[in-house]
Amino acid sequence: MDKSEKKKYAIKVKNLYKIYMIGTNKVRALNGVDFAIEKGTFCCIVGTSGSGKSTLLNMMAGLEPPTKGEIVIAGEHMERKNEAQLVNFRQAHVGFIFQSYNLLPNMTAIENIALPLTFQGMDKAKRIKKAKKALKLVGLQEFGNHRPGQMSGGQQQRVGIARALVVNPEIIFADEPTGNLDSNTTLDVLKLIKKIVAENKQTVVMVTHDNNLASYGDMIIHIKDGKITEIEQNRQVNDDLDNVELGGTLDIPSEASGEAAVSPSMEAATIPAEPEMASGQNITVPEYEGYHPKTSGTDPGNA
Ligand SMILES: Nc1ncnc2c1ncn2[C@@H]1O[C@H](COP(=O)(O)OP(=O)(O)OP(=O)(O)O)[C@@H](O)[C@H]1O
Ligand SMILES: [Mg+2]
């Protein structure tokens, strides 16, 4: 892509295929997918179970190679990188929020949040300082010394969000981040993600099977049987998020905040009704560092 395109788009996906072989059977998890996400967008990928959402997310995040096609992030082709280059790329540009939080049970909230910074070789005092700032951002400054088992699901997910934000990533990938939360907490967490990334001009790609939740997105990609059936542009002009209470902002380099493109104004969208959500099933705390997408379900992991 040329320079102005690189400035405008956070992610471009071209002619993307993922075909799994099950014996002699071909499963077309992604069957020719094209789209571009502008910087500063809260993009939701929505579809029923098995439609290809996680496959698409994992491929964008460089966790799985495509069978065919291109993924361009920050001007760089993900499909051309080797494993070591992908690890470096993710550490520099990408944050993840998991459905099952993936916090380490023996670490405090602060230590969990600081963990991705250790991979950057940052010294401990600086890590703790940044982690505290991120914790404040999600409104949990009182919970810094709590372990995951001493917090509610919603609080744990806020810690998960803080951990994703602490490296100040340009892009945040989230696969069903509210899947284990009740409906009120789901909305709180969603608004929190949306507000923080809007303030910091970050790009979020969130997978959900829930159309109500997806309608919070500025851009909604509908996927069915590995194909996009519809892309809605839905940037909300007056989106009711000003009332979410937050504790501050992270340090954002001026370059990142300066160049984020904002889409042309779309028709004002209405705020959707509160979605119905099942609550509290399936809360597990898998290993964070030992995570591998091929063997550990559909949550992507920081390598
Ligand atoms: N490793 C794999 N090997 C074979 N088939 C796979 C593999 N991973 C996914 N698939 C298949 O690809 C299709 C898309 O799967 P994917 O996990 O992307 O769906 P999803 O939309 O995330 O579903 P859910 O909402 O249930 O998480 C499904 O038919 C699935 O069975
Ligand atoms: Mg999935």
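A: Among contacts in the protein chain between residues at least 6 apart in sequence, 78% join residues at least 24 apart; two residues are in contact if their C-beta atoms, placed from the backbone, lie within 7 Å. This is a predicted model, in which local features need pLDDT of at least 70 and side-chain atom pairs count only at pLDDT 80 or more, while totals for chains, interfaces and linings use all residues. Residues are numbered from 1 along each chain as its sequence is written, and chains are lettered from A and ligands numbered from 1 in the order in which they are written.

The protein chain has nine helices and ten strands, taken as DSSP runs numbered from the N terminus (helices H or I, at least four residues; strands E, at least two). Of its 303 residues, 43% are buried, that is, 20 or more other C-beta atoms lie within 10 Å of their own, with 12 or fewer counted as exposed, the range in between as partly exposed, and C-beta atoms placed from the backbone.

Six of the strands make an open sheet with mixed pairing, in the order S6-S7-S8-S3-S9-S10; two strands pair if DSSP finds at least two bridges between them. S6 (94-97) and S10 are the edge strands, and each has a single partner, so one side of each lacks a neighbour in the sheet. Direction ignored, neighbouring strands are turned by 15 degrees against each other on average. In a regular strand, side chains alternate between the two faces of the sheet.

S3 (residues 42-46) pairs with S8 (residues 203-208) in the parallel sense over five bridges, and Ile45 stands opposite Val207 in S8. S3 is also joined to S9 (residues 219-224), again in parallel, by four bridges. Here Cys43 is opposite Met219 in S9. S9 then runs antiparallel to S10 (residues 227-233), with six bridges between them, and Lys224 faces Lys227 in S10. The hairpin of S9 and S10 has two residues between the strands, and in it Asp225 takes a positive phi near 50 degrees.

Axes are lines fitted to C-alpha atoms, for helices over the stretch in contact, and angles run from 0 to 180 degrees between N-to-C directions. H6 (153-165) and H5 (124-137) are included in what covers the buried residues of H4. H4 (residues 109-118) is largely enclosed by the rest of the structure, because seven of its ten residues are buried; among them are Ile110, Ile113 and Leu117.

As for the ligand, 14 residues surround ligand 1, the closest being Tyr20, Ala29, Ser49, Ser54 and Thr55 (near means a C-beta atom, placed from the backbone, within 6 Å). Two or more shell residues come from each of S1 (9-22), S2 (25-38) and H2 (53-60), and H2 gives the most, with three. Thr55 is found in H2 and counts as buried because it has 25 C-beta neighbours inside 10 Å. Neighbours within four places in sequence aside, Thr55 is in contact with Lys18, Ala29 and Leu30. The C-alpha atoms of Thr55 and Tyr17 are separated by 9.9 Å, with the two residues 38 apart along the chain.
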